[in-house]
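User: I am new to this structure and would like a short tour. Could we go through it together?

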Amino acid sequence: MGLPANGCAGDKQLKFLIYGRTGWIGGLLGKLCEAQSIPFVYGSGRLENRSSLEADIAAVNPSHVFNAAGVTGRPNVDWCESHKVETIRTNVVGTLTLADVCREKGLILINYATGCIFEYDSIHTLGSGVGFKEEDTPNFIGSYYSKTKAMVEDLLRNYENVCTLRVRMPISSDLSNPRNFITKITRYEKVVDIPNSMTILDELLPISIEMAKRNLTGIWNFTNPGVVSHNEILEMYRDYVDPSFTWKNFTLEEQAKVIVAPRSNNELDASKLKKEFPQLLSIKDSLVKYVFQPNAKLAAP
Ligand SMILES: NC(=O)c1ccc[n+]([C@@H]2O[C@H](COP(=O)([O-])OP(=O)(O)OC[C@H]3O[C@@H](n4cnc5c(N)ncnc54)[C@H](OP(=O)(O)O)[C@@H]3O)[C@@H](O)[C@H]2O)c1
């Protein structure tokens, strides 16, 4: 840690090279840089094409590289089950190539990864408050997406220039965005009801920029502390946004019949992030402050 007084990374002025221009997280990151007057350029290379990444770095001469590129599948991660080579190409070959090129150029890579590589087990039981820590070995390989993300995380541990951010069930204040976890569960016909760790992007993406400024590396559970269940979120949605909203629950067994690959449910221990950023809000407080209160104002007559 320890930023020089001029706010620069080392001797270099901040300049970010960002992958994922057309994506959700990459798009939000660019807007944040604009708002904070941080110079940035979106990478035009494809992750699996090493020379295209080298060309981007040569042209931009960045202080830090951000990777918000990856395949998540459309309409959902089930796509990865039937597109394994495409999933490997971007999420494995591509991510590792970018990390390797950045290392060669002496650059820190802030990598938006996933926390969907764990599931509740006999030590980390549902409701116990015992979350998975950064050093824990992934135990969820139920979907091909998660399986390959877990493999890559393990390999990236060896890259001392990489900051791995385990994002989970990302939520933003834009409730019209179909990628938003809240938007998804308000539109499903039926939802399960399981407490999970989640990432409020409005609060945490600015923190990822600050992490770059502090030149932090290693693995980070990138979620708000604590857990929130589907029903708790939907109750808040009803109370703040739409008093007429109703929903139906179903069990994990019933859910299994309408999806191809199982989904991960877990609690991540966010104490490492909280120690670095003591102002970090709990998941429920963050939901109220960053998502529901702003949307309640909009909904007011
Ligand atoms: N959304 C979630 O629920 C979630 C949860 C946890 C973690 N994450 C992780 O966070 C990252 C970003 O997620 P997101 O939701 O913002 O994804 P997204 O909206 O699907 O955007 C993905 C971005 O990656 C780019 N991309 C895909 N393949 C590429 C390649 N081979 N080379 C260069 N760019 C490529 C896409 O550009 P093109 O359109 O040009 O291909 C797009 O800009 C992903 O790694 C994802 O696994 C997401």
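Analyst: Let us begin with two helices. The axes of helix α2 (residues 50-60) and α4 come within 10 Å and cross at roughly 45°. Axes here are lines fitted to C-alpha atoms, for helices over the stretch in contact, with angles from 0 to 180 degrees between N-to-C directions. Helices (H or I, at least four residues) and strands (E, at least two) are DSSP runs, numbered from the N terminus.

User: What does that angle make α2 relative to α4?

Analyst: The angle makes α2 oblique to α4. Angles under 35 degrees count as roughly parallel, over 145 as roughly antiparallel, 65 to 115 as roughly perpendicular and the rest as oblique.

User: Which residues make that contact?

Analyst: Arg50, Leu53, Glu54 and Ile57 contribute from α2, and Thr97, Leu98 and Val101 from α4. Two residues are in contact if their C-beta atoms, placed from the backbone, lie within 7 Å. By class, four of the residues are nonpolar, one is polar and two are charged. Ala, Val, Leu, Ile, Met, Phe, Trp, Tyr, Cys and Pro count as nonpolar, Asp, Glu, Lys and Arg as charged, and the others, Gly among them, as polar.

User: Now α1 and α7: at what angle do they pack?

Analyst: α1 and helix α7 (residues 201-213) pack at about 65°, and their axes are 10 Å apart. α1 is therefore roughly perpendicular to α7. Leu28, Leu29 and Leu32 of α1 meet Leu201, Leu205, Pro206 and Ile209 of α7. This contact has seven nonpolar residues, no polar and no charged ones.

User: Changing topic, which residues come nearest to the ligand?

Analyst: Of the 23 residues around the ligand, Gly23, Trp24, Ile25, Ala69 and Gly70 come nearest. A residue counts as near if its C-beta atom, placed from the backbone, lies within 6 Å. Two or more residues of the shell come from each of α1 (24-35), α4 (84-104) and β4 (108-114). α1 gives the most, with three residues.

User: How confident is the model?

Analyst: This is a predicted model: local features need pLDDT of at least 70, side-chain atom pairs count only at pLDDT 80 or more, and totals for chains, interfaces and linings use all residues. Residues are numbered from 1 along each chain as its sequence is written. The mean pLDDT (the predictor's confidence in each residue, from 0 to 100) is 93, and 95% of residues reach 70 or more. Over residues 1-9 the pLDDT is below 50.

User: How should a low-pLDDT part be read?

Analyst: Where pLDDT is low, the predicted coordinates should not be read in detail.
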